Amino acid sequence: MRWPLPGHAHIPGRTNAADPRLEEILARMDSQPDRLVQRGQYGCQLFEAGFYWEAHEAWEPVWHAARPNSAAGLLVQAAIALANAALKIRMHQPRAACRLASRARSLLAGCPPAAELEKLHPDRLAELADWLEAAGLDSLDEADRKHGQKHGQDKESPADAGTAPQKAARLAELAAGLSLQGK
C-alpha cells in the first residue's frame with residue numbers, strides 16, 4: 001500500500017513546521033498490525049520523493065524496535081543517517097552531510113553481505129552514501145572557491161550552471177534504488 005505524501009517537505013530553519021498530515025498518516029499507520037513494515041516502506045517512499053526529514057520520522061520507530069546491532073537495525077540506522085545527510089545538503093551544510101554519509105558507510109560495513117530489510121538494500125545504501133559524501137565535498141569545494149574569490153584569491157570558478165538541479169536529479173536517481181521492485 002502506498003500512503004499519501006505530505007504537502008511539503010520540512011526543512012529545519014526554512015519551513016515553520018512539518019506538514020501536519022504526516023502525523024495523521026503515521027498515526028493511522030501505527031494502528032495497523034504490521035506498523036513497522038508500513039513505516040519502513042513509507043520511509044522509502046518519502047525518501048524517494050525527497051522528503052528526507054519525514055523519512056527519518058517514519059524510520060525512527062523501526063530502528064528502535066530492531067535488536068541492537070542486528071543487520072536490520074544497522075540498515076535502518078544507515079538509512080536514517082543518509083536521509084539526514086540528504087537533508088543537510090539541502091540545508092547547505094556540506095560538512096554535516098559528509099559526516100553523516102561517512103557514518104552510514106560505517107554502519108553498512110557492519111552488515112552481513114546478504115542483509116536486506118524490506119526495501120532497504122545495503123549495496124544501494126552504500127552507493128547513496130558515497131554519492132552524498134561526494135556531493136557534500138563538492139559543496140565544500142564550491143564554498144571554498146566562493147570564499148577565495150571574495151578575498152581576492154586567484155581561484156578558478158568552474159561553470160556551475162545547473163549544478164543544484166543536476167545534484168537533485170542524481171540524488172533522486174539513487175534514491176529510486178531504495179525501492180527494489182520485484183522483491
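The following exercises, each with a worked solution, concern the predicted model shown above.

In this predicted model, local features require pLDDT of at least 70 and side-chain atom pairs count only at pLDDT 80 or more, whereas totals for chains, interfaces and linings use all residues. Residues are numbered from 1 along each chain as its sequence is written, and side-chain values use heavy atoms, with hydrogens and water left out.

**Exercise 1. Overall composition**

Task: State how many helices and strands the protein has, and what percentage of its residues count as buried.

Solution. Begin with the secondary structure: the protein has 7 helices and 0 strands. Helices (H or I, at least four residues) and strands (E, at least two) are DSSP runs, numbered from the N terminus. Read from the N terminus on, the order of elements is α-α-α-α-α-α-α.

Next, consider burial. Buried means under 20% relative accessible area, exposed over 50%, and partly exposed in between (1.4 Å probe, protein chains only). Of the 183 residues of the protein, 45% count as buried.

Finally, turn to contacts, which are defined by heavy atoms within 4.5 Å. Among the contacts with a separation of 6 or more, 65% come from residues 24 or more positions apart.

**Exercise 2. Salt bridges**

Task: Identify which residues are linked in a network of salt bridges, and describe the salt bridge of Arg 21.

Solution. The criterion comes first: a salt bridge is a side-chain nitrogen of Lys or Arg within 4 Å of a carboxyl oxygen of Asp or Glu. In general, side chains of opposite charge can pair when their charged atoms come close. The structure holds 3 salt bridges.

Step one takes the pair of Arg 21 and Asp 19, whose closest N and O atoms are 2.8 Å apart. Asp 19 is buried at 6% relative accessible area, while Arg 21 is partly exposed at 42%.

Step two takes Asp 30. The side chain of Asp 30 meets that of Arg 35 at 3.0 Å, N to O, and that of Arg 39 at 2.7 Å, N to O. Asp 30, Arg 35 and Arg 39 are therefore linked in a network of salt bridges.

Asp 30 is partly exposed at 31%, as is Arg 35 at 28%. Arg 39, with 6%, is buried.

**Exercise 3. Packing of α2 and α3**

Task: Determine at what angle helices α2 and α3 pack, and whether their crossing is left-handed or right-handed.

Solution. Helix α2 covers residues 35-48 and helix α3 residues 52-65; they pack at about 155 degrees, with their axes 8 Å apart. Here, axes are lines fitted to C-alpha atoms, for helices over the stretch in contact, and angles run from 0 to 180 degrees between N-to-C directions.

The angle makes α2 roughly antiparallel to α3. Angles under 35 degrees count as roughly parallel, over 145 as roughly antiparallel, 65 to 115 as roughly perpendicular and the rest as oblique.

The crossing of α2 and α3 is left-handed. That is the term if the near helix is turned anticlockwise from the far one by less than a right angle; if clockwise, the crossing is right-handed.

Residues of α2 in the contact include Arg 35, Arg 39, Tyr 42 and Phe 47, and those of α3 include Tyr 52, Trp 59 and Val 62. By class, the contact has 12 nonpolar, 2 polar and 4 charged residues. Ala, Val, Leu, Ile, Met, Phe, Trp, Tyr, Cys and Pro count as nonpolar, Asp, Glu, Lys and Arg as charged, and the others, Gly among them, as polar.
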